[in-house]
Amino acid sequence: MTGLAYPEISPIIFSIGPLAVRWYSMAYLAGILIGWWLVLRRNEKYQLGLTKQNIEDLVFYITLGIIVGGRMGYVIFYGGAAMWEQPWQILELWKGGMSFHGGAAGVILAIWLYARKIGYGFLKLTDLVVPVVPIGLFLGRLANFTNDELWGRVSDVAWAVRFPSGGFLPRHPSQLYEAFFEGVVMFIVLNWLWGFKAVRGRTGVVSALFVILYGIFRISLEQFREPDAQLGFFFGHVTMGQMLSVPLILAGLVVLGIRLKPGKV
């Protein structure tokens, strides 16, 4: 049989009695903590006018946005009929099932509410946050790989992996493709751009580029990813992830066009 054997990775790091610590939850926690630390450093380095308490409160708001928005987005867009027939599954976060698009909506709302609360520019806050978001995306996709979920379509490429949950058929390790492009590439590009004073001065540009890049990568990489079994394809070959990414790109282009107009700061 062609394809690489799936590594023997347990989704559980360790257990203490009935408490199981999983890679999936640790990916979210590590992404939030690393992002928190980087935002604190950036705020101090560039004198952005936020206090340490402001950053801590912002992280709290964002965490709520990620959890509530990500889970509700999954339920609405990917949950299928079973989720509504057995609604208690909504609370079973340890089983996975988070939507980036739902999480993004939750985080946007959380940042908007907090920006209003402290009288700080909404786009200034999003520009501060989005360069560290790829860290969480990278770790989350690695966790998808260790969870043996969201694997790719059957393929004969030399690096195809035989996932147990995928019927041991050789498949694209699409989680790793997404970890690289949505995580590594986006982190490098966004942080490189943020380092230019001219870019930082155009508030909202970095945020717009984030959603544009994510949308482009997600639409492109979904070509290698097996669609969710409970949804399948729409219109013959389009996935839910691709459809949800189109509005992101359009919104990003609108914001980018507005913020790049002469005279805008």
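Predicted model: local features only at pLDDT ≥ 70, side-chain atom pairs only at ≥ 80, totals over all residues.
Are helix 6 and helix 7 roughly parallel or roughly antiparallel to each other?

Two packed helices are described by the angle between their axes and the distance between the axes. Helix 6 spans residues 133-146 and helix 7 spans residues 174-194; their axes come within 8 Å and cross at roughly 170°. Because angles over 145 degrees count as roughly antiparallel, helix 6 and helix 7 are roughly antiparallel to each other. On the side of helix 6, the residues in contact include Pro134, Ile135, Leu137, Phe138 and Arg141. Helix 7 contributes, among them, Leu176, Ala179, Glu182, Val184, Met186, Phe187 and Leu190. Sorted by class, this contact has 12 nonpolar, three polar and three charged residues.

Side chains of opposite charge can pair when their charged atoms come close. Arg141 forms a salt bridge with Glu182, with the closest N and O atoms 3.4 Å apart. This pair links distant parts of the chain, since Arg141 lies in helix 6 and Glu182 in helix 7, 41 residues apart. The count of salt bridges comes to seven.

Strand 2 (12-16) and helix 1 (23-46) each supply at least two of the patch residues. Helix 1 provides the largest share, four residues, and Leu33 is found in helix 1.

Terms used. Residues numbered from 1 in each chain as written. Heavy atoms only, no water. Axes fitted to C-alpha atoms, helices over the stretch in contact; angles between N-to-C directions. Parallel < 35°, antiparallel > 145°, perpendicular 65-115°, else oblique. Contact = heavy atoms within 4.5 Å. Nonpolar A, V, L, I, M, F, W, Y, C, P; charged D, E, K, R; others polar. Salt bridge = Lys/Arg side-chain N within 4 Å of Asp/Glu carboxyl O.
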